[in-house]
Structures are given as C-alpha cells and as structure tokens.
Amino acid sequence: MSKKWWGILALMLLVGLEARAEPVRLRLAGLEGTLADNTRVYLNQLPAIEAEQLPRFRRDIIAAVEDSLQALGYYDPEVNLVQDPDRPTEVRVEVAAGEPVRIRQLDVLLHGDAAADAQFELLLDGFALREGEVLNHETYESAKASLLSLALSRGYFDAGYRQSQVRVHPWERAADVVLSFDSGPRYRFGELKVDSDRPVERLLNPLVDLRPGEPYLASRLAELSRSLSSTRYFRRVEVLPQVSEADEQYRVPLAVVLRAKADNEVELGVGMSTDEGPRTSVSWEKPWINSLGHSFNTSLKLSAPKQDITFVYKIPRGHPLDNYYTLQGGYQRLDQDDTESDRLVASVHRWDKNAYDWTRDVFIRSEYESYTQGQQEDDSFLLIPGISYSRTRVRGGLDPHWGDAQLATLEFSEPWWGSDTRFVRFWGRSKWLRSLADDHRLIARAEQGAVWVDEVYDLPPSLRFFTGGDLTVRGFGYESITPLDTNGDRLGAKYASALSLEYDYRVAPKWRLATFVDTGTATNDYSEAWKVGTGVGVRWLTPVGSIRLDLAFGVSEDDTPWRLHFTLGPEL
C-alpha cells in the first residue's frame with residue numbers, strides 16, 4: 001500500500017476516534033435525598049458534553065442545578081464545577097444548597113358557593129401548603145389542583161382562580177403565596193334521560209336515588225354506574241352529566257346510556273387443583289329474560305372425582321343487587337376415595353344485602369342422595385330450611401393488601417315434615433388478610449363445623465364433616481382427616497375445626513414467598529390429637545388471580561408425609 005493510502009487511512013482513524021470522543025460524566029457532590037435526586041434528573045436532561053466543550057456548557061450546567069433546587073425552594077445555591085486534570089471527562093458538580101425559602105404568608109381566599117361548603121373547609125384544614133414550611137413548587141401546583149379537583153367533583157363547573165401568585169424574596173428567604181379561588185355557583189342534578197335498547201324502568205327505579213334539585217356530586221354518579229354494571233344485564237353503561245345543557249337554575253341533565261348484553265352468553269373454563277386435579281367447566285347464561293329483570297344461568301363442571309350440573313333462576317324484588325329470589329337446582333356425582341354419591345338438589349332462596357355489606361340468605365332446600373360411604377350403603381331424603389350470612393371486603397383488587405371474609409350457615413331438619421333424619425347443623429369460616437408493611441402480609445383463617453344428630457351414620461356424606469387439603473390443612477390429602485371405620489375407610493364426623501396462619505413476603509412486583517402452619521381435625525368427640533401441617537410456598541399474581549404452589553409437610557405424623565398443593569383463584 002502506498003504512503004498516500006496509509007495517510008488517508010490514518011486520517012480516517014483520527015476522525016473516527018474524535019467522533020467517538022467520550023462525553024464528560026457529571027459527578028454530583030454536596031446534596032442528599034430529594035435535593036440530589038431532583039438535581040440528577042435535571043442534569044440528565046442536558047445533551048452529551050465533550051471535555052473541550054465544558055467551558056461553553058458551564059452556564060447551562062449551573063442553570064440546571066439552580067432550576068432543580070429552586071423547584072424545591074432553594075434559591076441561593078453555590079455551584080462549582082471541578083474538572084479532573086488527569087481525567088478531563090470526570091467533572092465534579094459541587095453544590096451547597098444554602099438556606100431554603102419558606103412560606104412567610106399564605107392567603108387562600110374562597111369566593112362563590114364554595115365559601116359555605118364544609119368540604120372545602122376540611123380541605124383547607126389539611127391543605128398541602130403551610131406557613132413556615134419550605135416552598136416546594138410541586139406541592140404548590142398540587143395544592144392548586146386539589147381545589148379545582150374538589151370543585152369539579154362537587155358540581156362547581158365554573159370554578160377558576162381569580163389570582164394564583166407566588167412572590168419569592170430570595171434575600172429574605174421568604175415567599176408570599178396568594179390563592180384567590182372563585183367556585184361560582186354549585187350545580188344540581190337535573191332530569192334523568194335514559195337511552196336503552198331494553199325496557200329498564202322497573203329495574204332502574206330502585207337503583208336511582210338521584211333526585212332533581214339535589215346538589216351535584218360526582219361520586220353518586222360513579223356509584224350509579226357501578227351499580228348498573230354490577231347487575232350483569234348490560235354490556236355498556238354510561239352515566240354522563242350534560243353540563244352544557246344546564247338550565248338557568250344550574251340543573252344539569254344526566255344522560256344514562258344502557259346497552260344490554262347478548263341474549264345468550266357461553267363461557268368455557270379450565271383449571272386445576274391438587275384436590276381435584278384438572279377440571280373444566282362450561283356455563284350458559286341468559287342475562288335478560290324479560291322486563292322484570294329475570295335471568296337464568298346453568299353450568300357444568302367436570303373433574304375426575306366430581307361432576308355436577310347446576311341451574312339458577314334469579315328474580316329481582318326491588319333493588320336488583322340487594323334484594324332478590326333465586327330458584328336453584330342441580331345434580332352432583334362424586335367418586336373420591338371412600339365416598340361414592342349421587343345427589344339431587346332443589347332449593348328456593350331469598351337474598352338481602354344490608355348497608356354493612358352483609359348478605360343474608362334464607363332458604364329451604366330439598367335433596368335426595370344415594371351414597372356409599374366406606375362400608376355403608378344407603379339413601380336419604382331431606383327437607384332443610386336454613387339461614388346463611390356472608391360478607392367479603394377487599395382492598396387492592398387482584399393483589400389485596402387488606403380484606404376479610406366471613407360465612408356462617410345454620411340449617412336443620414325434622415322427620416315430621418318429611419325428612420329421614422333430625423339434625424341441626426352449623427358451619428362457619430372467617431378469614432383475614434392484613435399488610436404489616438409494603439411487602440409483608442399475614443393471612444389467618446378459622447373454621448368450625450358442628451352437627452347435632454343421634455348418629456353420624458344417619459347423615460348423607462355431603463352433610464358430614466371432613467377436613468384436610470388445599471384449603472384447610474395442607475400437608476394432608478383432600479378430606480383425609482376424619483374418623484375411620486374398622487376397615488380403615490373414612491366415615492365423616494360430627495365436628496370439624498381448622499386454623500391457619502400464613503406469612504407472605506413480596507420478592508418482585510408479581511411474586512411472593514410464603515410460609516404457613518395449618519392445624520385441624522374432624523372428629524366425633526375431640527379425643528384425637530389435631531393434625532398439623534407446615535411448609536413454604538410461592539405466589540404468582542396473574543391477570544386471572546393468584547396462582548399458589550405450596551410444599552407442605554404433615555409434621556404431626558410419625559412418617560411426616562409431604563404434599564404439593566396447587567390452587568388458582570382469589571385469596572379471600
């Protein structure tokens with residue numbers, strides 16, 4: 001290669017090396033916490049700066065630091081840039097924040113109807129801005145927005161600021177803030193305009209508690225929208241205030257748009273648990289049968305040990321979410337371990353929900369069961385009236401951080417009205433979930449069942465008590481904890497108790513590790529020692545609920561059996 005080409009190649013290499021010159025790295029010193037974090041955000045927004053460009057960009061770097069600190073109330077910082085003589089790309093940004101500017105005088109003035117609104121008084125009592133506190137411009141903007149947000153949620157649609165001003169006196173380390181807020185008049189609810197593709201008047205009337213002339217409140221519209229969606233009649237629900245059509249008395253018409261679900265809906269499902277193995281289901285629903293709001297649902301569930309088909313016919317009486325009847329029926333086939341059963345059920349239920357979220361179910365159920373339990377073969381007809389109370393409260397959606405669930409059922413039967421057996425049966429469960437900190441949770445559960453009957457043999461298997469398995473005492477097989485007959489077959493019991501305590505720790509946004517201890521028994525006289533299971537598990541949060549995999553050991557047994565438990569579904 002000639003000297004000419006070697007020279008061209010060398011020149012290209014030099015140009016390439018210069019084009020790839022390393023930018024300077026700004027090392028922040030002298031600040032900590034929020035001041036340091038905010039300053040780094042501002043510095044990271046600067047363009048790449050090469051070492052020889054530093055003098056030209058010095059003012060920009062200093063301005064970025066000053067702007068970041070002013071946003072947090074520090075108006076007189078000292079900023080020095082120190083370039084390492086041995087490594088020109090290393091630059092220390094030395095900052096002394098100085099004394100902050102504090103709010104010396106705060107004047108928040110309310111005009112319009114909001115001046116007599118107690119909710120605005122509560123907001124100002126806990127206002128984000130306080131005299132004597134450091135001036136934080138983000139807090140200032142948030143405080144301004146909180147007044148506007150409250151105004152819009154309470155129907156002050158003409159609200160705005162007459163004056164919003166911050167006068168900063170850096171040399172006095174002081175700031176004077178003036179917020180003059182004019183809410184204007186408070187609007188009121190007007191007439192309800194319903195656009196629906198079905199006759200909904202009888203259903204809508206119990207759900208709507210908005211009366212024309214009442215003060216506007218956005219939360220009441222949201223509540224109405226949630227209630228309409230929860231009825232499961234509609235695929236589309238819109239509740240919108242038409243502010244532009246308000247009359248001279250500031251009454252806002254409300255537009256309600258409702259579109260019914262399809263006449264028939266079919267859902268397919270698959271699942272798995274350790275107790276039942278793989279399972280599949282199919283359901284068919286007619287969400288809207290007539291203008292009275294009647295609906296119908298039937299479902300088929302199949303697994304290796306259990307197959308059942310059920311139907312539910314729902315009849316609203318008044319409020320469709322809180323007061324209704326259901327007619328229920330079904331057939332269940334069970335072939336698991338020492339139990340083989342065919343069961344037919346028909347029942348009538350009256351449901352009522354009160355203001356404290358308790359749901360009461362008063363029912364009468366008839367059931368015929370032909371069964372083999374261990375060595376016993378028999379059949380049974382029962383007519384069972386009863387009552388049940390339940391409540392579930394959850395905060396946090398699919399990954400709850402707080403919640404509890406309670407269920408208690410009392411039922412009984414008497415031969416004089418046609419039943420084969422006299423008994424009184426109670427079963428109850430309570431479960432609590434509490435967060436100790438951001439990543440720590442405790443889940444506790446207690447269950448108790450009891451049936452008062454002459455002999456447990458007089459009851460069909462579905463009314464006897466068994467325990468053990470994924471949802472009761474882990475480390476033991478499904479319903480394996482129960483008295484045994486002389487052949488070692490499971491009998492079922494008059495009483496059952498179970499307790500559980502679990503600790504979960506979040507190791508990633510959608511992953512938790514768990515450890516737990518369960519204990520319980522199913523017995524006729526509580527003379528046996530309770531079974532104890534303990535172990536560890538992993539929890540994975542998915543869009544369809546929590547997947548739980550547990551490795552549990554039956555530590556109360558001499559041979560310490562172990563089992564893997566797999567479940568999918570809500571934790572409460």
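## Salt bridges

A search of the whole structure finds 47 salt bridges, each being a side-chain nitrogen of Lys or Arg within 4 Å of a carboxyl oxygen of Asp or Glu. The structure is a predicted model, in which local features need pLDDT of at least 70 and side-chain atom pairs count only at pLDDT 80 or more, while totals for chains, interfaces and linings use all residues. Residues are numbered from 1 along each chain as its sequence is written, and side-chain values use heavy atoms, with hydrogens and water left out.

Side chains of opposite charge can pair when their charged atoms come close.

R317 and D352 form a salt bridge through their side chains, at 2.3 Å from N to O. This pair links distant parts of the chain, 35 residues apart: R317 is in the loop between β13 (306–316) and β14 (323–336), and D352 is in strand β15 (residues 339–353). Strands (E, at least two residues) and helices (H or I, at least four) are DSSP runs, numbered from the N terminus. D352 has a relative accessible area of 11% and is buried; buried means under 20% relative accessible area, exposed over 50%, and partly exposed in between (1.4 Å probe, protein chains only).

A second salt bridge joins the side chains of D404 and R393, at 2.6 Å from N to O. D404 belongs to strand β18 (residues 402–413) and R393 to strand β17 (residues 376–395), 11 residues apart. D404 is buried, with a relative accessible area of 2%, whereas R393 is partly exposed at 28% relative accessibility.

## A salt-bridge network

The side chains of D399 and R512 meet in a salt bridge at 3.6 Å, N to O. D399 lies in the loop between β17 and β18 and R512 in strand β22 (residues 511–523), so the pair ties together parts that are 113 residues apart in sequence. Both D399 and R512 are buried. Through shared partners, salt bridges join D399, D439, R441, D504, R506, R512 and E571 into one network.

## The second largest pocket

The second largest pocket holds about 410 Å³ of space. On a 1 Å grid over the protein atoms alone, a pocket is an open set of points where a 1.4 Å probe fits, with protein on both sides within 12 Å along at least five of seven lines; lining residues have an atom within 4 Å of a point. Grid points are joined across faces, edges and corners, and the volume is the space filled by probe spheres set on the points.

Its lining comprises 18 residues, of which E223, S227, H319, L321 and D322 lie nearest the centre of the pocket. Helices α6 (201–207) and α7 (218–230) each supply at least two lining residues, and α7 gives the largest share, six residues.
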